[in-house]
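Subject: Structure for you to look at

Hello,

Here is the structure I promised to pass on. Please open it next to this email, and read the notes below with it in view.

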Amino acid sequence: MSIVELTEEHRMIQSVAKEFAETEIKPVAARLDRRSEFPAELIQSMAELGFMGIYIPEEYGGSAMDVFSYTLALEEICKACASTGTIMSVNNSLVCDPILEFGTLAQKEEYLTPLARGESLGCFALSEPAAGSDAGSIRTTVRRDGDNYVLSGTKNWITNGPEADVIITFATHDPSKKHKAITAFIVDKETPRLNVGKIEEKLGIKASSTCQLMFDDCYVPVRNRLGEEGEGFKIAMNTLNGGRIGIGAQAVGIAQAAFEESVSYAKQREAFDKPISNLQAIQFMLSDMATKIEASRLLVWQAAKMKDQKMNYVKQSAMAKLFASEAAMWVTTKAIQVHGGYGYTTDYPVERHFRDAKITEIYEGTSEIQRLIIANQLLNEY
Ligand code: CAA
C-alpha cells in the first residue's frame with residue numbers, strides 16, 4: 001500500500017471496482033480472451049456502476065468523480081481483464097473527454113450524456129493505414145458541402161470500432177498543410193456509406209475489438225464538427241495526453257495481476273526441497289517486479305492529479321505511460337519466468353497478461369512517441 005492518501009470517495013470507487021472485477025470479470029476473463037468475445041454484459045454492468053463516464057459531470061450523465069478515481073477503477077478492471085479495461089478507457093478518455101472539453105452544449109446533450117451513461121459506446125478514429133505515429137499526415141479528406149461536411153478515407157486500429165455507436169474522427173482539408181488543416185468530427189455510426197472494414201486478429205486484448213472504418217463520401221452535418229475548423233490536431237493531442245494516463249493505469253493493473261500470480265505460484269511450487277519463494281533468484285525477481293509497479297502507479301497518480309488540478313501534465317502523462325507500459329512488459333515477462341514451463345501454457349493466466357501488456361507500449365502513442373513528447377517538453381523547460 002502506498003502512503004499517498006486516498007479520500008473516502010477514492011477508497012469507495014477502488015473497492016467497488018475491485019469487488020466487481022474479482023467477482024464478475026476475473027472468472028470469465030480467460031474464456032473471453034480465448035474466444036475473442038466482446039464482453040457486452042460486463043460493459044452493461046459497468047455502465048450501471050457509472051464506470052463509462054467516471055469523471056464526466058452528473059448533468060451530462062457521468063459519475064462526477066475525478067481523473068484520479070478513474071485511474072483507480074481502471075487499474076482494478078484491467079487487473080482482471082485488460083480487454084474490458086480497454087473498452088472502458090476508450091469510452092472515458094478518448095470519447096467522453098473531448099466532447100466534454102471541446103463540444104457544444106447541444107453535442108454534450110446529444111452525445112456525451114448517453115456515452116457517459118453507457119447507453120451508447122464510443123470509439124476514437126485518428127490513425128490510418130499510412131499514418132499512425134505521424135498523426136499530422138492523415139489522408140482522410142473533408143470538404144464542405146452546404147450544411148454538411150463530406151468525409152472520405154480509411155481509419156485503422158479502431159478499438160471499439162465494430163460495436164461503437166459514435167465515432168470521434170479527424171480529417172484534413174489539405175494534406176499539404178499537415179496538422180494545421182485537420183478538423184475533428186462526431187460521427188454517428190449509422191451514417192450512410194460508413195463501413196466497418198477488416199476486423200483485426202490480435203496478439204492480446206483479444207476480447208476487445210479493433211477494426212478499420214471506411215468513410216466513402218460520408219455526409220456529416222456541420223453541427224457535428226467538434227471544435228473549429230483546423231483545431232482537430234490540437235483536440236487529438238489534448239485527448240491523447242489524457243488517454244495516456246489511462247493506458248498507464250491499465251499497464252499497472254496488468255502488471256499487478258501478473259505479480260500477484262507470481263507470488264502465489266512461488267509460495268506453493270517447490271524445488272530443491274523448498275518453496276521457490278525461498279530462493280533468492282525468485283525473490284529478486286519479485287522485488288524488482290513490485291518496485292517497478294509501485295513506481296509506475298505513482299507516476300500514473302501524479303499525472304492524474306495534475307490533470308485534475310488543471311496543471312500542464314503533458315510530460316507527466318507521457319512519462320507515466322512510457323514507464324508503466326515498459327514496466328508491465330518487463331513484469332509479465334518475469335512472471336512467466338517465475339512460473340517456468342507452466343507460465344508458457346494457457347493453464348495459467350500470466351501468458352495472457354504478457355500478451356495484453358504489449359499493446360500498452362504501442363497504442364495511444366508508442367514508447368518512442370512518448371520519448372519524443374518528453375524530450376520536447378524537457379527542451380522547452382530547461
Ligand atoms: N500536447 C499538446 N499539443 C501538442 C502535443 C501534445 N502532446 N504534441 C504536439 N503538440 C502541438 C505542438 O505544440 C504544435 O503546436 P503549434 O502548431 O501550435 O506549434 C503542434 O501540435 C504540432 O506539433 P509537432 O510539430 O511536434 O507535430 P508533429 O506532426 O511533429 O507530431 C507527435 C507530434 C507528438 C509525434 C504527434 O503526431 C503524436 O502524438 N503522434 C502519436 C499519435 C498517437 O498517439 N496515436 C494513437 C491513436 S489512438 C489509438 O491508439 C487507437 C485506439 O483506438 C486506442
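Contact here means heavy atoms within 4.5 Å. This is a predicted model, where local features need pLDDT of at least 70 and side-chain atom pairs count only at pLDDT 80 or more, while totals for chains, interfaces and linings use all residues. Residues are numbered from 1 along each chain as its sequence is written, and side-chain values use heavy atoms, with hydrogens and water left out.

Leaving aside residues up to four places away in sequence, Met-88 touches Met-46, Phe-51, Met-52, Ile-54, Tyr-70, Ala-73, Leu-74 and Ile-77.

Met-88 is also among the residues with the most contacts inside the largest nonpolar core, which has 68 residues. Such a core is a set of buried Ala, Val, Leu, Ile, Met, Phe, Trp, Tyr and Cys residues joined through side-chain atoms within 4.5 Å. Buried means under 20% relative accessible area, exposed over 50%, and partly exposed in between, with a 1.4 Å probe and protein chains only. A second, separate core of 28 residues includes Cys-96 and Leu-115.

Of the 382 residues in the protein, 56% are buried. Thr-210 counts as buried because its relative accessibility is 7%. The side chain of Thr-210 also makes a polar contact with the side chain of Lys-202, at 3.1 Å. (A polar contact is a pair of N or O atoms within 3.5 Å; within protein, one must be able to donate a hydrogen and the other to accept it, and residues adjacent in sequence count only if both atoms are side-chain atoms.)

Along its principal axes, the C-alpha trace spans about 80 × 50 × 40 Å.

Regards
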